[in-house]
Amino acid sequence: MSQMTTTPVERSPLPGSAARASWLSRNRAFLIPYLLIAILLAAAAIRAPGFVSAPNLTQQLVLASYLGVIAGGQTIVILTGGIDLSVAWNLNLSAILLTQLGAELGVLPAAIIALGVAALVGLVNGLGVAYLKIPSLVMTLGMNAVLSGVTLVYTNGSPQGEAPGFARELAVGRIGGLPWALIFWALFSAALIVLLRRTVYGKRLYAIGNNMKAAYLSGVPVRRVLVATYTIAGLCAGIGGFMLTGYSQQSYLGMGDFYVLPAIAAVVIGGTSILGGSGGYAGTIAGAITVVLLQNVLQIVGIQSAGQQILYGVIILLMLFVYGRNARVRE
Amino acid sequence: MPLLSATGIDKRFGGVVALHDANFSCEAGEIHALLGENGAGKSTMVKVLCGVHQPDAGTITYAGQPITFHGPADAVAAGIVPVFQELSLVPDLTVAESLFMGEEPRTRLGLVDSRRMRHESRALLERLGFGGIDPGALVRDLSLADRQLIEIAKALRRSPKVLILDEATSALNRRQVQQVFTVVRRLRDEGVAVVFISHRMDEVRDLCDRATIFRDGVDVGTVDVATATDDEIVQLMIGRTLRETYPPRPPRPPVEEPLLEVKHLGWGDRLRDITFTVNKGEIVGLSGLEGQGQGDLLFALFGVYVGVTGQVTIGQRPIRLGGPRDAMNAGLALVPEDRKTQGLILPLPVDENITLSTLPSVANHGLINPAAVATVTEQMRERLSIRMASPDIPVRFLSGGNQQKVAIAKWLLTDAAVYLLYDPTRGIDVGAKQEIYDLMRQLAAAGHGILFFSTDLAEVVGLCDRGLVMYEGAIARELSGPALTDANLVSAAVGLAESGAEAVPA
């Protein structure tokens, strides 16, 4: 009884209207965070006029760069339809390896080992998700627990050493008045955007995020792309760990905990669909700035950390709700 | 007076007419078969009768009264109970729980009375002759056949006045079929009307009193099964109102050059000992009623399934059935059944869909070259006359025919040796169909091989060099030359021997 269930022959809408509609729907989500940034700045300007000054705004951008790098890894994982909850302790371990091993082995070997371990953690996540078909939420949550235990044993509860000079420069140093962190973030962003938009890997990533079955049937190496994605995400967490160590001069236990939810919030505020397949890093940049501004504006208005946590949760749930609705309508 | 009758039924789905002015009636105390090829309208009629679909026009009369069903529950409440082939059981429930689902007996405390449920289930199963099934067993542990028996038992527990069996025996072996038939005959003798749909003509012969034949959405005749000949029935099934024109078939070379050779391919009990060859330059049609394993065969060849046995060679080289990527590298292409969920990535632009399988060829060291993407997209647009506003609009804005062309274009770029096509012209307009037929002929002429599953008999007869008819997971017959006729395809599809029916003139 085939013909019965067949979808009727569709008429395509006027070509122009289709193209316009798609431009709008593609960019609407992307524009929201920039609008939010404007509103937040206006609110801050009214409440605390000093907030909207060049030095302070630069400082806000530097803070956003740490979150932005961590959220970069989260962006590509979310684009596949997954999520990486191991960010917290992966970046923490990488920061601790950098400071502790830095004292024992020297800075360069320590940095290589720290990033290598971060990437390896991502690789294992990827293998679990791609080959063992473990849901990413469970795989990375489990990984996070393992890493927190490993870190605790490794440090005996108190990490040693201090941030090496390059990490401090990266986080808070300046060259000709321009923060190194922003220069690095610009390069990182350019690389990630090119990776997503202009490479074979990026095209395959979007294909998988939109429709894994169709991508598989089209000969896309789905597993390899997934493993690569989680590995890159691990690397991003590691770099984020370096930046945070440099910022606080040292490593400490639990330093990643405050970056998991904000990073996810930055991604979804930036318009990347939590269901995967649509969005990109340009939105996440705006999302990261929004989240950092939000944190500070909330502080100015007198809402403390508990209130902020509630807000992240609400934002993420709100975005899920909005995307969930869209997804239903699109079917 | 008929117990249940439907008169002047119209039913359309979007633009597709499934039933037009169709009639059906059955009487108390008869077993009435519904026959027809794919898409003839028999399943739609059944779903109208049991309240799954609401007709767009027409009336249903039940026990002398006009009646309207707002949903399947209304029909069941009235005593019209269907059993479908698609199993509706929950794997984690027991047999007894499944039989009583939604109507569990309660204890005085309001809890489910498991003991009574089990006891009554055992009695029911024994009465029906299915006593071998343990009421306490979990559905997941039962064989497919036993699950089907449970479905039937569940329907019978409701003491139906009209019992509808839609391919409900297809998972059963001969002995189990006979058990079901015994029960069905007893019900008939008690005055129940039974509507029976099966792709096995021998079952219809064995069981049914009358048969109504559907074709192109309308009932074309009702016959007494005892007196009608096979040829009369097949003739009613294949008469055809509309014919496309197909590109001419070039003569076959004196010596065939095998391209795709499949030997003893098997997959569980879904594909059984399949052996065939597709020669160079040949379009081989895959026919039969739907769900006889044609889709499984294409997926198995493409490496999607695990545990496929047998040998497959392309141009004498054995290939590994390790997945679509292996298949692609070995020179296979698959245009899958559902272009919306399997063939295309709807939200992505046309050019990204077209280049998805061949991305490395439009890239340097992993970096995409937009000019190369534009060039190949334009080549494909021209070669297949894909109509689109621009290559960067999402493919979902294209019409069905143009979407299908994009799904095919993706594989043309891989320059596969053998194309596996799953009903590529389903649901697309006549013009696009014509273009796809022409393309298939061109590909064949260029030395490719094509294995082409179609639910439309006319396509197999009109376009293909040979036809393979699948029946219950095996190739039942191979037809070529003058023997490749509607009549022969249909009789093989319903499990009959060669038909003597005249081919309907084109």
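# A tour of chains A and B

Start by selecting Arg188(B) and Asp209(B): their side chains are joined by a polar contact of 3.0 Å. (A polar contact is a pair of N or O atoms within 3.5 Å; within protein, one must be able to donate a hydrogen and the other to accept it, and residues adjacent in sequence count only if both atoms are side-chain atoms.) What you have open is a predicted model, where local features need pLDDT of at least 70 and side-chain atom pairs count only at pLDDT 80 or more, while totals for chains, interfaces and linings use all residues. Residues are numbered from 1 along each chain as its sequence is written, chains are lettered from A and ligands numbered from 1 in the order in which they are written, and side-chain values use heavy atoms, with hydrogens and water left out.

**Around Arg188(B)**

Colour helix H6 of chain B, residues 174–189, and you'll find Arg188(B) in it. Helices (H or I, at least four residues) and strands (E, at least two) are DSSP runs, numbered from the N terminus. Arg188(B) has a relative accessible area of 17%, so it counts as buried; the classes are buried under 20%, exposed over 50% and partly exposed in between, with a 1.4 Å probe and protein chains only. Now show what Arg188(B) contacts beyond its neighbours within four places in sequence: Gly29(B), Glu30(B), Ile31(B), Leu207(B) and Asp209(B). Contact here means heavy atoms within 4.5 Å.

Next, the charged pairs. A salt bridge is a side-chain nitrogen of Lys or Arg within 4 Å of a carboxyl oxygen of Asp or Glu, and the whole structure has 24 of them over all chains.

- Pick Arg320(B) and Asp326(B), whose closest N and O atoms are 2.7 Å apart in a salt bridge. Arg320(B) is exposed at 62% relative accessibility, and Asp326(B) is partly exposed at 23%.
- Jump to Arg426(B) and Asp423(B), a salt bridge at 2.9 Å, N to O. Both Arg426(B) and Asp423(B) are buried.
- Then try Glu478(B) and Arg466(B), at 3.0 Å, N to O. This pair links distant parts of the chain, 12 residues apart: Glu478(B) sits in strand S22 (474–480) and Arg466(B) in strand S21 (466–471). Glu478(B) is partly exposed at 46%, whereas Arg466(B) is buried at 10%.
- Also select Glu27(B), Glu30(B) and Arg210(B), which salt bridges with shared partners join into one network.

**Where the chains meet**

Show chain A and chain B together. The contact takes 58 residues from chain B and 37 residues from chain A. How much area do chain B and chain A bury between them? About 3,800 Å², with 63% of it on carbon and sulfur atoms; buried area is the accessible area (1.4 Å probe) that two parts lose on being put together, summed over both.

Zoom in on Lys203(A) and Glu352(B), a salt bridge whose closest N and O atoms are 2.9 Å apart. The count between chain B and chain A is 1 salt bridge, alongside 7 residue pairs in polar contact, both residues at pLDDT 80 or more. On the side of chain B that touches chain A, highlight H14(B), which gives the most, with 4 residues.

**Colour by confidence**

Finish with pLDDT, the predictor's confidence in each residue, from 0 to 100. Chain B has a mean of 89, and 96% of its residues reach 70 or more. Select residues 501–506 of chain B, where pLDDT stays under 50. Where pLDDT is low, the predicted coordinates should not be read in detail. The model scores ipTM 0.85 and pTM 0.79.
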